[in-house]
Amino acid sequence: MSTFMRVVWIVTLPVIALLISVLFLGLFRKITARIQRRYGPPVYQPVIDLTKLLTQHSNISHGVMFDMGLIIALAGSVVTVLLIPAGGIHPLSSSGDLLVIIYVMLIPVLGMALAAGDSGNPNASLGVSRKLILGLGYEVPFLLVLLTVMTHGETTSLVNVVQMQADSILSWGVFRFPLSAIATFLILPVMLGIHPFDIVGAPQEISSGPQVEFGGKYLALATIEQALQLFIVIALFVDLFLGGAANLGTFFLKMLGVFLIGIFIGAVYPRFRIDQALRYCWKWPTLFALAGLILVMIIGG
Amino acid sequence: MDRANIRKAIKDPHKWGEKYSLWVTYFCTGCGIMEIPPTITARWDAERFGVKPMATPRQANLFLITGYVSIKTLKAIIISYEQMPNPKYTVAFGSCPIDGGLYYTSYNTINHLDRYLPVDGWIAGCMPRPEAIFIAVTKLWKMIEGGMVDGYKRYEENIDYYRRNQERVLGREFIESSPAPMTEEP
């Protein structure tokens, strides 16, 4: 990849990711509505909402960190998007990018925590503490899964992981290490923050959690950041287990497939409590991930 | 409804966003809140109009005053209203906020909401049906289109009048503790 193309993709890939994830948000609302036998908003409703939020007059700021935290979160999300190969495009990837992703994925969480903490609202602090507990829950199986993938391929590069799965459908990660794929699939709704694990921003319990003091442009930035998180998690799943893709079109279709299954699960479940969620994360997904890791270590690559 | 009219949306995105994305403050102000759950769930589905209940006033731009307003609730309503970002709209729901309704002679409720807050529209009835909310929303669209909803501007211009009335029922301490409402950004 030449330097010029690299710069072009660094600029365009976040925009493409944003468009895809905003479309996903719209599909999420429409399909959930259809499952609940409602008519639902149009698919472009998130665009209307974002337009409104961006043109609203923000009437309050709670301090410097309140402004900067959101920017840190957004920057972290954008960098993570650039690190994940999306359909053969990987402008920032190098040899150890899987390790970098593990760390960079935490920056948006920390940014949101800083912004929410500066607002001084007790609901926001509750939301942040729930987010960190939930992170503690899903990081354990997720790290085990990544360790399995790295051990199996003897590489720390996500591009290499994708290339290894390029031969045929049978060389996809989901067939090579099915136990790890099951574990990741089980924690997918936790990482996406959709039902039954939307504990962090539970509107009826803690007034939408960390976002409780966000209004207008702040809420717009927070929504964009969340939409990018949606893209990151699903893209990571597609890259690890569904063989990535050679072009953006196939990649988008694979992401859509994963996301639709996520919607179908999310639309019919109520919400877990935080202790139930933690117990769930450390039980079945961790067990599957650990079994997958041991199996890969015994059998080898 | 010209929600899908792209040319109009690009020409005036501000108005497009304001019209078709009305987020309601999720705040039980009286018995009228009973009409909200059927409105936002599968039976009537307000989400198809872009109307969505939000958990906090900071995220909302439409305030439904559902039912009678007791003096204690009025405090919360005023605080919530001043937290909402501009532009914001108030719609009084039911006959109680209009003239006191059933509680006209009560010592503990206010009879005319528009003396304490600017109200952009009224839905009469006891109780109004959920369909009435949708009629109100379509009326509100027309008013936003014509630039006729200026409640938040009236509140800033006539803040002395509103504060005087608020002081009469809520007392001096409340007025002194509440900050002046923010003025419009340039």
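**Helices, contacts and burial**

Modeller: This is a predicted model.

Colleague: Which residues of helix 5 of chain A are buried, and what do they pack against?
Modeller: The buried ones are A:Pro108, A:Gly111, A:Met112, A:Ala113, A:Ala115, A:Ala116 and A:Ser119. They pack against helix 3 (64-83), helix 6 and helix 11 of chain A.

Colleague: What span should the 32 residues of helix 6 of chain A have?
Modeller: Helix 6 of chain A, residues 122-153, should span 46 Å at 1.5 Å a residue, and its end C-alpha atoms are 46 Å apart, which agrees. There is a bend of about 30° at A:Glu139, with a proline, A:Pro141, following within four residues. Just after helix 6 of chain A comes A:Glu154, whose phi is positive, about 50°.

Colleague: Why is helix 11 of chain A called roughly perpendicular to helix 12 of chain A?
Modeller: The axes of helix 11 (residues 217-241) and helix 12 (residues 248-268) of chain A cross at roughly 110° and come within 9 Å. Angles of 65 to 115 degrees count as roughly perpendicular, so helix 11 of chain A is roughly perpendicular to helix 12 of chain A.

Colleague: What makes up the contact between these two helices?
Modeller: From helix 11 of chain A come A:Ile234, A:Ala235, A:Phe237 and A:Val238; they meet A:Phe251, A:Lys254, A:Met255, A:Val258 and A:Phe259 of helix 12 of chain A. The residues of this contact divide into eight nonpolar, no polar and one charged.

Colleague: How many residues of chain A are in contact with chain B?
Modeller: 27 residues of chain A are in contact with 22 residues of chain B. On the side of chain A, helix 2 (residues 45-55) gives the most, with six residues. That side divides into nine nonpolar, 13 polar and five charged residues.

Colleague: Why is B:Tyr161 called partly exposed?
Modeller: Buried needs 20 or more other C-beta atoms within 10 Å, and exposed 12 or fewer. B:Tyr161 has 13, so B:Tyr161 is partly exposed. B:Tyr161 lies in helix 8 (residues 159-170) of chain B. B:Tyr116 is 45 residues from B:Tyr161 in sequence, yet their C-alpha atoms are 8.5 Å apart.

Definitions and conventions: Residues are numbered from 1 along each chain as its sequence is written. Chains are lettered from A and ligands numbered from 1 in the order in which they are written. This is a predicted model: local features need pLDDT of at least 70, side-chain atom pairs count only at pLDDT 80 or more; totals for chains, interfaces and linings use all residues. Axes are lines fitted to C-alpha atoms, for helices over the stretch in contact, and angles run from 0 to 180 degrees between N-to-C directions. Angles under 35 degrees count as roughly parallel, over 145 as roughly antiparallel, 65 to 115 as roughly perpendicular and the rest as oblique. Two residues are in contact if their C-beta atoms, placed from the backbone, lie within 7 Å. Ala, Val, Leu, Ile, Met, Phe, Trp, Tyr, Cys and Pro count as nonpolar, Asp, Glu, Lys and Arg as charged, and the others, Gly among them, as polar. The expected span of a helix is 1.5 Å times one less than its number of residues. The bend at a residue is the angle between axes fitted to the seven residues ending there and the seven starting there.
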